[in-house]
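I opened the coordinates and kept short notes as I went. Here is what I looked up, entry by entry.

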Amino acid sequence: MGTHSRMEKVSKCGSVNECLGELMKELGPLYRHKFNAEWQRNQLYHLKRNLPEDWVIIVMDFAENFLCKFQDEPQSAHWAYRQVTVFPAVVHSRCSCGELRRDNLVFLSDDLRHDACITQVFIENILEYVSKLRNMKKVLLVSDGCAAQFKSKLPFLFLARSTLPHSKGASIEKVFFGARHGKNDCDWCDGAVKRNVTRDIASGAVTVNGAQDMFEHCSRTMSHSEGPGECLHKVQRFFLIEPDQVDRKINSSMVKTIHGSRKLHHVRVQAQDELAIRTLSCFCKPCMSEDYAHCLSAAHVPGWQTAKLKFAGSVPFHPQDHEDEKVDCDTLQSEEDSAHIAESEYSDTDFAPSESPVVAFEQEVMSILRNASYTGLWEFLAASHVLRRPILSVF
Ligand SMILES: [Zn+2]
Ligand SMILES: [Zn+2]
């Protein structure tokens with residue numbers, strides 16, 4: 001992998017104290033990361049339960065590509081499967097009757113480049129769909145922090161250029177989970193949709209040789225939407241995105257990197273080419289009414305900062321303005337570093353907002369100790385640190 005740093009096993013001599021010091025240095029980013037992941041999940045969880053009627057939460061992610069296998073396929077076919085990009089998005093909103101409503105949208109495409117440009121096409125289609133639900137004031141696009149797709153200068157440029165069709169003044173914001181590749185709302189797609197298609201292929205009911213076939217089959221067998229005047233709180237729809245719908249004329253070399261984008265978890269557009277960024281999200285009452293100066297979580301969630309979008313060369317006002325620019329959307333190098341710790345399954349337990357990362361870490365260590373099902377060097381050192389005394393005996 002060229003210049004990427006890589007883990008290596010090395011022998012070292014030293015005292016337990018030195019070992020402890022090094023361990024604590026390594027643990028610093030780890031408990032910050034864990035705190036961020038839990039904070040973001042809890043904020044979104046509570047927001048979803050108390051969703052205002054003119055807000056919408058959209059959780060999205062790329063699923064694994066679907067492999068178009070055939071029934072009774074010749075043996076040689078197995079290494080030449082066609083693939084289909086599958087991009088599920090779950091739209092949480094409030095129905096006019098007041099109940100929570102969930103729309104599962106599944107985008108299928110033969111374009112296999114999972115980059116910011118195709119992601120933007122999906123987002124534009126989602127915004128179009130959302131604009132028909134009801135008059136929205138705030139749209140939250142929630143995803144992991146993958147730089148190539150969601151969290152870097154190019155997706156931020158697209159955000160700055162996005163509008164909600166047919167509704168003036170709606171705020172479109174990006175919210176990031178604190179961890180990558182975790183469990184999220186989109187996982188249903190891998191199970192339900194792909195399993196059904198695979199089953200129907202195996203039974204000979206359908207032949208799927210690309211996104212078009214898959215789209216037609218899914219729309220026919222798995223799509224459900226409400227009739228006029230009907231109240232349906234679970235909707236599932238499929239969309240086909242043709243490769244020529246993906247505009248790759250805008251590329252990341254046109255925008256300058258936003259300092260600290262790896263650490264931010266919430267972005268909104270403040271003015272023309274000006275973003276407001278926050279290292280964590282907060283949906284307390286004052287924040288929800290945009291009275292950010294009175295944020296109830298101010299002790300843990302730093303306020304908004306301003307980040308200007310800066311361009312290399314001419315300023316693209318809208319993607320369409322740049323017909324002549326060079327083609328090819330850079331495959332961005334991940335701005336996230338190696339600390340991608342798998343996100344734990346979300347639990348319903350209450351999260352005390354007064355917890356600092358250090359307290360959260362200490363509680364975590366104590367809960368492992370109390371549990372006592374396994375104890376290794378890590379736990380001894382961590383326990384010794386938390387209890388601030390040496391561990392003299394172990395049973
Ligand atoms: Zn309803
Ligand atoms: Zn707040």
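**Entry 1: Ala382**

Is Ala382 buried or exposed? I note first that this is a predicted model. I counted 21 other C-beta atoms within 10 Å of Ala382. The cut-off for a buried residue is 20 or more, so Ala382 is buried. I placed Ala382 in helix H8, which covers residues 377-387. Leu27 is 355 residues away from Ala382 in sequence, yet their C-alpha atoms are separated by 9.5 Å.

**Entry 2: the whole chain**

I stepped back for the overall counts. The protein has eight helices and 10 strands. Of its 395 residues, 31% are buried.

Next I turned to H2. This helix runs over residues 116-131 and has 16 residues. I get 22 Å from its first C-alpha to its last, close to the 22 Å expected at 1.5 Å a residue.

I listed the buried residues of H2. They include Ala116, Cys117, Ile118, Phe122, Ile126 and Val130. Thr119 and Gln120 are also on that list.

What do the buried residues of H2 pack against? I found strands E1 (55-60), E3 (82-94), E4 (100-109), E5 (138-143) and E7 (234-241), and also helix H3 (153-161).

Leaving out residues up to four places away in sequence, Phe122 touches Phe87, Ala89, Phe107 and Ile241.

**Entry 3: H4 against H5**

How do the axes of helix H4 and helix H5 cross? H4 covers residues 187-202 and H5 covers residues 211-222. Their axes come within 11 Å and cross at roughly 105°. Angles of 65 to 115 degrees count as roughly perpendicular, and H4 and H5 are therefore roughly perpendicular to each other.

I wrote down the residues that meet. From H4 they are Val193, Asn196, Val197 and Asp200. From H5 they are Met214, His217, Cys218, Thr221 and Met222. By class, this contact has five nonpolar, three polar and one charged residues.

**Entry 4: Asp61**

I looked for Asp61 and found it in the loop between E1 and strand E2 (66-68).

I listed the contacts of Asp61, not counting residues up to four places away in sequence. They are Pro88, Ser143, Asp144, Asn184 and Cys186. I also took a C-alpha distance to Ala89. Asp61 and Ala89 are 28 residues apart along the chain, and their C-alpha atoms are separated by 6.7 Å.

**Entry 5: Glu99**

Glu99 sits in the loop between E3 and E4. I found 9 C-beta neighbours inside 10 Å, so Glu99 counts as exposed. I checked Cys231, which is 132 residues from Glu99 along the chain. The two C-alpha atoms are separated by 9.7 Å.

**Entry 6: positive phi**

I finished with backbone angles. Most residues other than glycine have a negative phi. I noted two residues with a positive value.

Asp273 has a phi near 60°. Asp273 lies in the loop between strand E8 (266-271) and strand E9 (274-278). With 17 C-beta neighbours inside 10 Å, Asp273 counts as partly exposed.

Glu290 is not a glycine either, and its phi is positive, about 60°. I located Glu290 in the loop between helix H6 (285-288) and strand E10 (305-308). Glu290 has 10 other C-beta atoms within 10 Å, so this residue is exposed.

Key. Residues numbered from 1 in each chain as written. Chains lettered and ligands numbered in written order. Predicted model: local features only at pLDDT ≥ 70, side-chain atom pairs only at ≥ 80, totals over all residues. Axes fitted to C-alpha atoms, helices over the stretch in contact; angles between N-to-C directions. Helix = DSSP H or I, 4+ residues; strand = E, 2+ residues; numbered from the N terminus. Parallel < 35°, antiparallel > 145°, perpendicular 65-115°, else oblique. Contact = placed C-beta atoms within 7 Å. Nonpolar A, V, L, I, M, F, W, Y, C, P; charged D, E, K, R; others polar. Expected span 1.5 Å × (residues − 1). Buried ≥ 20, exposed ≤ 12 C-beta atoms within 10 Å, placed from the backbone.
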